[in-house]
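Good morning. I have one structure to go through today, and I will take a single residue as the way in. Please have the sequence and the model open.

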Amino acid sequence: MTLFDRSAQRTGKIVSVGGSGDTHRRLVDMGLIGSTFKVRARTKRSVLAEFGVGFAAAVSAETAGIVQIIETVGGADNENRTVRKSERRKDDAF
């Protein structure tokens, strides 16, 4: 699953960054791999996401498509817990 596939108001963790050249290097240098995020809004051309604590960015659809993620369940008791297939809602896009 990629960052672009994540629906609004959902959280996740970045596991890898694809692409090549400058885009890949910049995303890795920003320290995104291993960080958590929350998608605030999305359109056909971009994703507005909050990364870590207090850092938000609008990411183009092309770039969001190369950022590989896993879904996590938010909340104080289960922050960053990976979602099992049996816990997914029927309306989730997978």
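I start with serine 35, which is buried, because its relative accessible area is 16%; buried means under 20%, exposed means over 50%, and partly exposed is in between, with a 1.4 Å probe and protein chains only. Before going on, the terms of use: this is a predicted model, local features need pLDDT of at least 70, side-chain atom pairs count only at pLDDT 80 or more, and totals for chains, interfaces and linings use all residues. Residues are numbered from 1 along each chain as its sequence is written, and side-chain values use heavy atoms, with hydrogens and water left out.

Where does serine 35 lie? It sits in the loop between α1 (21-29) and β2 (36-42). Helices (H or I, at least four residues) and strands (E, at least two) are DSSP runs, numbered from the N terminus. The side chain of serine 35 reaches the backbone oxygen of leucine 32 at 2.6 Å. That is a polar contact, meaning a pair of N or O atoms within 3.5 Å; within protein, one must be able to donate a hydrogen and the other to accept it, and residues adjacent in sequence count only if both atoms are side-chain atoms. Leaving out residues up to four places away in sequence, serine 35 touches Gly12, Lys13 and Ile14, where contact means heavy atoms within 4.5 Å.

Now the chain as a whole. It has two helices and six strands, in the order β-α-β-β-β-α-β-β. Of its 94 residues, 28% are buried. Among contacts with a separation of 6 or more, 55% join residues 24 or more positions apart.

Next, the core. A nonpolar core is a set of buried Ala, Val, Leu, Ile, Met, Phe, Trp, Tyr and Cys residues joined through side-chain atoms within 4.5 Å. The largest one has 15 residues, and Leu3, Ile14, Phe37, Val47 and Phe51 have the most contacts inside it. β1 (11-17), β2, β3 and β5 (67-73) each give two or more residues to this core, and β3 gives the most, with three. Valine 47 touches, among others, Leu3, Val39 and Ala64, again not counting residues up to four places away in sequence.

Valine 67, in strand β5, counts as buried because its relative accessibility is 3%. Valine 67 and valine 15 are 52 residues apart in sequence, yet 7.9 Å apart in space, C-alpha to C-alpha. Beyond four places in sequence, the contacts of valine 67 include Met1, Leu3 and Leu27.

On to the rings. How many aromatic pairs are there? The count is one, under a rule that pairs rings of Phe, Tyr and Trp (its six-membered ring) if their centres lie within 6.5 Å, with planes under 30 degrees apart stacked, over 60 edge-to-face and the rest tilted. Phenylalanine 51 and phenylalanine 55 have ring centres 5.9 Å apart and planes at 40°, so the pair is tilted. Phenylalanine 51 is buried at 6% relative accessibility, whereas phenylalanine 55 is partly exposed at 37%.

Last, confidence. pLDDT is the predictor's confidence in each residue, from 0 to 100. The chain mean is 82, and 78% of residues reach 70 or more. Strand β3 (residues 46-51) is highest at a mean of 95, and strand β6 (residues 81-82) is lowest at 53. Over residues 75-80 the pLDDT is below 50, and this stretch has six contacts in the model beyond near neighbours in sequence.
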